[in-house]
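Okay, thanks for making time, everyone.

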Amino acid sequence: MDAHASDAASPVLSLSAVSKAYHNGRARIVLRNVDLALQAGEYVAIMGESGVGKSTLLNLIAGLDHPDGGRIAFEGQDVSAMDDDDATLLRRRAMGFVFQAFHVLPHLSVAQNVALPLRLNDVAHGAADLRVAAMLAEVGLAGRGDERPGVLSGGELQRVAIARALVHRPRLLLADEPTGNLDPDTAAHVLQLLRERIRASGAAAILVTHSARAAATTDRILRLTPDGLVPDAPPTQIGP
Amino acid sequence: MSTLRSLTLTLLAGEIGARPWRALIGVLAIAIGVAMGYAVQLINHAALTEFSRTAGSLMGNADLEIRGPRGGFDETLYPRLARLPEVAAASPVVEVEAWLPAQRQTLKLLGVDVFRAAQVTPGLVGRPAQPDGGRLNLLAPDALFLSPATLAALGLQAGSTLTVQLGLKTVRLRVAGALPALGEGLRLGVMDIGAAQWQLDRLGLLQRIDLRLAPGVDVDAFARTLHDILPAGVVAATPRDTLQGTSSLSRAYRVNLNVLALVALFTGAFLVFSTQALSVLRRRSQLALLRALGMTRRELLRLLLTEGATLGFFGALLGLGLGLMLAAAALRYAGGDLGGGYFDGVRPSLHPEPLATLLFLALGILAATLGSLLPAWEAAHARPAQALKAGDEEVALRRLHIPWSGLATIAAALLLTQAGPVGELPVFGYLAIALLLVGAIIAMPQLAQAVFGRLPLARRLPVQLAFAQLVGAPGRAAIGLAGILASFSLMASMVIMVASFRQSVDDWLGAILPAPLYLRATPGGEAGYFTDAAQQRIVATPGVNRAEFLRTGQLLLDARRPPVALLARQVDPRHPGRRLPLVGLPLVPGPEESAPIWVSEAMVDLYGFRSGRLVALPIAGRSVTFLVAGVWRDYARQYGAVVMQLNDYRRLTHDRRVSDAALWLTPGATPALVAQRLRRQLAGGEQVQYLLPGEIHAVSMSIFDRSFAITYLLEVVAVLVGVIGIAASFSAQALARTREFGVLRHLGVTRRQISAMLALEGGLLALLGVTAGLLLGWAIALILIHVVNPQSFHWSMDLMMPWRSLALLAIALVAAAALTALFSGRRAMSGSAVRAVKEDW
């Protein structure tokens with residue numbers, strides 16, 4: 001089933017009849033017949049109960065795991081058929097990640113953390129430094145590039161993670177419960193920032209979340225059920 | 001530099017900067033291994049270079065050396081060879097290892113014909129101290145020319161007198177000049193050949209003829225044609241043969257030292273493995289993040305291997321410096337043979353070779369890289385999505401387990417023990433030990449699971465927590481366990497082997513020294529002997545009930561091997577076991593059969609002289625057939641020894657002189673009293689060395705201990721590295737469990753309870769490691785005793801288990817492990833419990 005009415009432009013990401021099961025003694029079906037079409041610049045929230053397979057779906061889209069059935073196409077390329085190296089290189093060039101647990105490397109400075117995707121993409125040092133500085137300014141951390149992650153608050157750490165996810169101008173951003181470890185006020189700020197930055201970058205984005213408030217910051221909300229992705233209630237604007 | 005490479009360096013610098021102690025331990029472990037290996041190589045190379053240089057200066061321009069036994073050969077061979085058209089020049093040489101009573105040491109004396117030597121071995125022509133008229137000194141009967149090293153060592157100068165012992169008499173020689181061409185390393189004296197034959201009692205005999213061949217003559221082909229001309233026991237050796245013989249003298253000893261040094265490097269590599277494995281485990285989600293951000297498997301593998309190689313590079317660099325210092329110190333204080341007794345009279349100096357230096361640098365890097373390989377491979381192949389979550393560590397460790405490969409490796413090791421030597425070295429024996437160790441380490445997780453899975457349910461909380469950790473995380477347990485296993489098994493195997501060897505030598509000395517008093521004509525060298533008259537005088541001395549005499553000599557059976565010792569003594573052919581420590585049952589030859597000989601175990605290995613075989617030996621210039629009537633154990637002569645009856649020797653050589661005597665005394669007579677009488681009554685009796693079996697025993701055991709000193713040192717270093725590894729592994733594990741400790745503290749578990757839990761975990765791990773290590777050490781000791789030693793040194797020994805030492809070592813290790821675990825845990829708990837549970841990673 002297609003959860004989104006088809007647009008004239010070809011989607012940046014399309015999933016058709018994707019399924020996945022885990023085999024641990026006996027098979028446990030996590031995803032069944034998942035269809036999705038995501039246009040460039042579109043920001044979508046995926047909600048669902050715990051264990052329904054939201055994170056698994058993100059991993060499949062990112063090429064970190066392989067589906068048992070169906071097809072995942074990113075910009076026309078079949079991600080599900082790629083080997084690990086090709087999927088990794090695609091992720092490196094075209095995708096960005098934001099995690100619930102921040103995952104900011106503790107022994108690198110803030111700037112070094114943000115620069116990681118640029119370094120992986122072989123961006124020259126000078127250009128990389130300029131982009132990192134600009135990105136830190138955009139997330140409200142201007143001048144704090146030399147600080148160590150240990151001195152930052154949870155909200156600041158997630159800002160670093162957002163900067164890192166967008167610094168290399170990905171075409172798809174995947175955010176897995178990015179506010180799960182934050183207090184409501186900080187979470188609201190982070191979500192607003194995330195939306196602004198996604199808008200500014202023009203990237204498509206998927207936000208996996210439990211929170212209706214978080215989901216409401218996106219363009220549309222989908223709910224992951226055992227039978228696939230279904231449209232949820234229309235989003236309402238939150239915040240100031 | 002590519003940005004990816006610079007990213008690798010950034011990440012590397014970040015990790016090393018964050019945990020400098022872990023990096024330092026890895027660097028030190030590799031440094032110690034490289035230092036030991038490099039030092040042994042430097043010392044061996046220095047000694048062999050000096051020895052080869054010495055051999056080179058002694059052979060001069062000679063293309064061939066015609067060499068006979070120590071007793072010499074008929075000098076009429078010289079004109080026959082000199083007249084051959086292929087020979088451009090020939091130089092006859094008399095060679096005697098003489099005892100210097102005043103200096104209490106031996107000196108090699110050569111007698112040369114200066115006119116002939118000038119053409120073949122010009123370095124052996126002396127330079128008289130007085131230029132005008134002094135040239136006649138070259139031919140003077142008492143003139144002796146000494147090498148600069150001898151002059152310096154004996155504190156002599158031109159005009160000094162040097163007394164040498166001959167038979168039981170002494171001869172005074174005058175220092176007439178020096179041998180400047182021989183350089184600083186060689187101790188040697190040269191005199192005129194006629195004077196030497198006369199003064200040193202070698203009339204009509206030569207020990208060597210140096211030949212320079214005509215241009216165009218094929219040296220090897222000519223050496224083969226000489227085989228028919230040369231009398232039995234005289235061989236033609238090329239300079240290459242001489243060098244090979246020199247090198248083979250200490251080859252097995254050197255190889256064994258190198259292997260021991262490599263053991264230190266192996267334990268270093270193992271330490272890198274355990275610290276890297278735990279470090280990779282701790283950073284599991286960080287590495288998974290890099291994969292999620294787009295780092296490929298290969299790039300991550302390269303990153304982690306670069307990390308290991310960097311530790312290896314700095315470790316090897318430090319090790320090379322340390323090795324150089326160690327080698328310089330060892331050469332200064334222990335000599336070029338490190339106490340092995342192979343290079344007497346040689347004073348080597350260090351000359352680091354670029355190739356060997358690079359090789360050890362590469363070995364250090366390789367060891368550390370190999371140590372990182374398995375953890376790096378696992379991290380690169382982990383599923384990033386799964387690894388990003390906490391609690392995935394045991395899954396990672398499970399991937400390092402390869403079921404059955406441990407048992408398969410052990411089985412392969414057992415098969416290899418059956419293979420023979422390669423180039424007279426126990427290559428497969430060493431491989432078997434390495435495989436046994438690796439196999440046992442691989443099998444550790446299964447062992448940990450099997451043993452800890454049977455732990456009973458405990459009531460007390462610390463015990464319950466410790467048991468739960470050991471049962472629930474056998475992978476973590478196995479890493480600590482493997483460190484204990486490696487270090488304790490190596491330690492136990494060496495302790496068992498050395499104790500077995502020591503006990504066997506002790507028993508052997510008891511068997512070969514049955515008499516209460518021994519006489520040796522000279523404490524050193526070969527120029528001392530008892531004449532027939534002296535022997536009769538000894539027998540007739542009051543207090544002497546019975547005397548048995550021994551004549552020592554040499555047999556040259558192969559130009560490329562060191563000579564074989566010939567021991568002519570009184571042996572009852574029906575009961576040879578009364579005088580010789582036989583291995584197996586002897587044959588009793590019939591009256592019609594060839595004369596019997598009894599050979600040492602080395603003769604069986606090196607020359608195939610098996611019991612029951614008829615063999616030809618060169619005696620007095622003839623080839624004589626003997627029956628090998630038995631094999632005996634000999635710890636004194638690694639290159640082979642042959643015992644024959646004194647009567648047979650005398651019948652074949654007509655030489656009645658002997659070098660040693662064993663005396664049995666009449667009731668009431670004491671060794672001291674009899675020695676006193678002999679000293680007084682025997683002409684030259686004051687030159688004789690009087691030895692009590694206890695003294696010989698004590699001196700022999702002290703030589704044994706000295707020659708094993710370097711072995712002990714290398715072993716201690718290997719074990720030390722192993723113990724550091726255990727400490728590093730416990731400390732890394734404790735660090736990785738900081739969050740767990742924080743949670744326990746939140747739940748109300750006291751620091752004391754956590755400490756007790758850690759000590760119990762460490763103690764239990766060490767107990768299992770020590771038990772498995774003892775079993776493995778015993779198996780390695782069996783290979784050392786029954787494969788490595790017989791194939792290296794050609795002697796067997798009996799197994800002896802030094803339970804007391806093993807128990808002490810085991811207790812010390814278990815206690816050290818428990819304490820290390822305790823202190824590591826305390827350090828990990830020193831931070832705030834609140835921060836510990838909030839830690840991002």
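Let's start at the end of a helix: helix 6 of chain A is followed by A:Gly202, whose phi is positive, near 80°. Before I go on, this is a predicted model, where local features need pLDDT of at least 70, side-chain atom pairs count only at pLDDT 80 or more, and totals for chains, interfaces and linings use all residues. Residues are numbered from 1 along each chain as its sequence is written, while chains are lettered from A and ligands numbered from 1 in the order in which they are written. When I say helix or strand, I mean DSSP runs numbered from the N terminus, H or I with at least four residues for helices, E with at least two for strands.

So, helix 6 of chain A covers residues 184-201, and at 1.5 Å a residue its 18 residues should span 26 Å; the end C-alpha atoms are 25 Å apart, which agrees. That expected span is 1.5 Å times one less than the number of residues.

Which residues of helix 6 of chain A are buried? They are A:Ala187, A:Val190, A:Leu191, A:Leu194, A:Arg197 and A:Ile198. These cover an arc of only 135° around the axis, so they sit on the same side of helix 6 of chain A. The arc is taken from the directions from the helix axis to the C-beta atoms. On the other side of that helix, A:Asp185 and A:Ala200 are exposed. Buried here is 20 or more other C-beta atoms within 10 Å of a residue's own, exposed is 12 or fewer, partly exposed is in between, and C-beta atoms are placed from the backbone.

What do the buried residues pack against? Among the partners in chain A are strand 3 (43-47), helix 4 (125-138), helix 5 (154-166) and strand 8 (204-208). Contact, by the way, is C-beta atoms, placed from the backbone, within 7 Å.

A:Asn33 has phi near 50°, positive in a residue other than glycine, and its place is in strand 2 (residues 26-38). A:Asn33 counts as partly exposed because it has 16 C-beta neighbours inside 10 Å. Then there's A:Glu75, also a residue other than glycine, with a positive phi near 50°. A:Glu75 is in the loop between strand 4 (69-74) and strand 5 (77-78) of chain A, and it is partly exposed, with 15 other C-beta atoms within 10 Å.

Over to the interface: 26 residues of chain B are in contact with 28 residues of chain A. Helix 1 (3-18), helix 9 (284-292) and helix 12 (384-387) of chain B each give two or more residues to the side of chain B that touches chain A. Helix 1 of chain B gives the most, with nine residues.

Last stop, the cores; a nonpolar core is a set of buried Ala, Val, Leu, Ile, Met, Phe, Trp, Tyr and Cys residues joined through C-beta atoms within 7 Å. The largest has 230 residues, and B:Leu436 and B:Leu485 have the most contacts inside it. Helix 25 (residues 751-793) of chain B gives the most to this core, with 22 residues. Not counting residues up to four places away in sequence, B:Leu485 touches several residues, including B:Ala440, B:Met444, B:Ala772 and B:Leu776. A second, separate core of 83 residues includes B:Leu124, B:Leu179, B:Ile209 and B:Leu230.

How values were computed. Two residues are in contact if their C-beta atoms, placed from the backbone, lie within 7 Å.
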